[in-house]
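Here is a brief report on strand pairing and helix packing. Look over the sequence and fold first.

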Amino acid sequence: MTVAAIPGLEHWFAQELPGLFVEWQPAAVPAPELVALNEPLAIELGLDPASLRTPEGVATLAGNGVPAGAAPIAMAYAGHQFGNYSPRLGDGRALLLGELLDTSGRRRDVHLKGSGRTPFARGGDGKAALAPMLREFLIAEAMHALGVRTTRALAVVATGERIMRDGMVPGAVLTRVAASHIRVGTFEYAARLGDPTIVQRLADHSMARHHPQAATADQPYAAFLESVIDAQAALVANWMLIGFIHGVMNTDNMTISGEGIDYGPCAFMDRYDPQTVFSSIDHAGRYAYGNQPNIAQWNLARLAETLLPLIADDPDAAVATAMAQLERFPDRFQHHWQAGMLAKLGLASEGKGDASLFHSLLDLLLAQRADYTGSFRALSQLLRGDDQPLHAMLGSDAPVDEWLAAWRLRLAADGRDPLAVAGEMDGVNPLYVPRNHQVERVLEAANVGELGPFRELLDLVTHPFHERPGMEAFAEPAPDAFARTHQTFCGT
């Protein structure tokens with residue numbers, strides 16, 4: 001059946017890029033039930049939340065009813081997964097329904113995840129479990145609230161079936177919204193087809209959609225690469241600033257738009273340690289917290305390889321141009337990260353010795369196994385006259401006192417009121433993030449039909465900067481016993 005719950009869908013990607021997708025239909029599910037609906041996002045997209053809550057709307061979000069005007073496709077992409085090249089991945093359990101122009105005129109993909117097997121399924125069942133889809137909803141909306149570019153979650157619908165993971169668990173479909181689902185892996189797939197015109201069409205489409213300024217540059221494809229590099233440098237810097245670990249930074253999980261995508265084995269770090277890994281499949285620590293900038297640069301090199309024939313006719317010249325762009329990544333990352341650290345520490349301007357100030361603080365956090373999120377929040381409390389929370393985390397020895405003295409000296413150079421600075425710091429340093437033990441608790445409850453804990457945590461992490469009386473436990477790190485054994489999983 002066709003319904004009008006998501007009107008106005010367009011198909012720019014499908015119209016311009018044949019060969020990079022297959023047409024496909026979602027699988028019907030037995031008993032769709034709406035579990036979570038992002039009403040503010042629905043309104044932003046120009047959709048009617050009430051219409052999405054009707055039986056027809058829920059059927060659309062489950063894949064039982066295809067929206068009028070939709071032309072579902074499974075997108076094709078390749079990818080380097082943990083450094084190993086896989087030539088044919090693609091949407092094995094997902095479909096792009098089409099694109100909407102939102103109320104601000106921005107083009108947004110509407111995408112179903114868990115909507116059944118496609119030709120790219122590679123032996124998977126094409127389904128999604130309820131808990132991982134709620135995790136993606138929770139993490140995506142927390143990232144959005146933290147000001148980090150991200151795909152968004154519009155809805156989660158339980159399917160009324162049980163699927164096999166570690167035992168039988170409830171099934172679900174996620175409706176995801178993105179600037180687009182074009183990935184580095186999309187370019188890798190296009191390049192492997194052996195037709196350079198396909199890569200050029202994909203690059204032109206991506207430029208027009210995400211990096212239009214590159215199209216008018218003297219070397220448009222080099223400018224396109226430069227713009228993607230900067231977008232990813234900003235994204236990963238923001239991850240580092242909030243203590244986030246993506247967990248599976250494969251090239252098929254890196255978007256051309258610069259949005260975070262595919263929140264599977266991801267987590268927020270409690271106690272600061274650059275070697276922190278939560279993913280059950282990252283045995284060598286390739287995607288550890290501290291490795292993320294290097295991995296981003298490595299992934300971008302894979303994108304650059306696909307663009308070489310477009311950058312210049314002379315292979316040596318193309319490589320030299322691409323290398324020059326890639327070698328700027330560390331400086332771009334540092335620019336974004338240092339600007340974020342200035343804000344986290346309440347500093348209004350750059351100063352000599354800032355890098356030392358930043359890294360000395362991180363060294364103190366590492367030495368004391370201090371909570372990353374809580375430590376920055378405690379600094380603003382110190383400016384208000386309460387030094388107990390910070391000293392409880394970092395101690396009161398000479399290195400801590402020396403660092404605090406240097407920080408206060410930098411603040412004094414700005415000549416601003418400490419209380420005003422504390423307020424600004426509280427606007428960038430969250431109090432509530434999706435702590436791993438809290439996430440697991442609410443997902444376990446959701447699996448047995450108790451959704452109240454999920455909604456409570458979602459409300460907190462989508463208002464991350466504002467203290468809530470009685471919610472102190474949500475700002476605490478996981479107990480050591482939990483942290484020692486906790487792992488995250490991809491959900492498939």
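Through how many residues does a hairpin join E11 to E12? The hairpin has 1 residue. Helices (H or I, at least four residues) and strands (E, at least two) are DSSP runs, numbered from the N terminus.

This is a predicted model: local features need pLDDT of at least 70, side-chain atom pairs count only at pLDDT 80 or more, and totals for chains, interfaces and linings use all residues. Residues are numbered from 1 along each chain as its sequence is written, and side-chain values use heavy atoms, with hydrogens and water left out.

**Strands**

Strands pair if DSSP finds at least two bridges between them.

**Helices**

H13 (residues 372-383) packs on H15 (residues 398-414) at about 65°, with the axes 13 Å apart. Axes are lines fitted to C-alpha atoms, for helices over the stretch in contact, and angles run from 0 to 180 degrees between N-to-C directions. H13 and H15 are therefore roughly perpendicular (65 to 115 degrees).

On the H13 side, Leu-379, Leu-382 and Leu-383 make the contact (heavy atoms within 4.5 Å); their partners in H15 are Trp-403, Leu-404, Trp-407, Arg-408 and Leu-411. This contact has 7 nonpolar residues, no polar ones and 1 charged. Here Ala, Val, Leu, Ile, Met, Phe, Trp, Tyr, Cys and Pro count as nonpolar, Asp, Glu, Lys and Arg as charged, and the others, Gly among them, as polar.

Technical notes
Parallel < 35°, antiparallel > 145°, perpendicular 65-115°, else oblique.
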